[in-house]
Amino acid sequence: MFEKIKKWYRQGLWTALMVEAAVSKGVLTAGQAEEICGGDGRE
């Protein structure tokens, strides 16, 4: 699921808030979320 969410985030289909929601639901780890969002300024 990590790779799919990473791709969706890059495509602009997912926001940083959506990635954080996936962390709270246990779909991603906090480290994976950081790798995806990585402080690129998108929200």
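Just after H1, Gly 12 takes a positive phi of about 85 degrees. Let's start there and work through the helices. By helix I mean a DSSP run of H or I of at least four residues, numbered from the N terminus.

A word on the source. This is a predicted model, where local features need pLDDT of at least 70, side-chain atom pairs count only at pLDDT 80 or more, and totals for chains, interfaces and linings use all residues. Residues are numbered from 1 along each chain as its sequence is written, and side-chain values use heavy atoms, with hydrogens and water left out.

Now H1 itself. Which residues of H1 are buried? They are Phe 2, Ile 5 and Tyr 9. Buried means under 20% relative accessible area, exposed over 50%, and partly exposed in between, with a 1.4 Å probe and protein chains only. The arc is taken from the directions that run from the helix axis to the C-beta atoms. Glu 3 and Arg 10 are exposed, on the other side of H1. The cover over the buried residues of H1 includes H2 and H3.

An α-helix has 3.6 residues a turn, so residues three or four places apart point the same way.

Next, H1 with H3. Their axes come within 9 Å and cross at roughly 30 degrees. Axes are lines fitted to C-alpha atoms, for helices over the stretch in contact, and angles run from 0 to 180 degrees between N-to-C directions. H1 and H3 are therefore roughly parallel. For the words: under 35 degrees is roughly parallel, over 145 roughly antiparallel, 65 to 115 roughly perpendicular, and the rest oblique. Phe 2, Ile 5, Lys 6 and Tyr 9 of H1 make the contact with Gln 32, Glu 35, Ile 36 and Cys 37 of H3. Contact means heavy atoms within 4.5 Å.

Now H2, residues 16–24, and H3, residues 30–37. Their axes come within 9 Å and cross at roughly 165 degrees. So H2 and H3 are roughly antiparallel to each other. On the H2 side, the contact is made by Ala 16, Val 19, Glu 20 and Val 23. On the H3 side, Ala 30, Ala 33, Ile 36 and Cys 37 make it.

Last, H3. Ala 33, Ile 36 and Cys 37 are buried there. Seen down the axis of H3, they fall within an arc of 85 degrees, so they line one face of the helix. They pack against H1 and H2. Just after H3, Gly 38 takes a positive phi of about 45 degrees.

Note on methods:
Helices (H or I, at least four residues) and strands (E, at least two) are DSSP runs, numbered from the N terminus.
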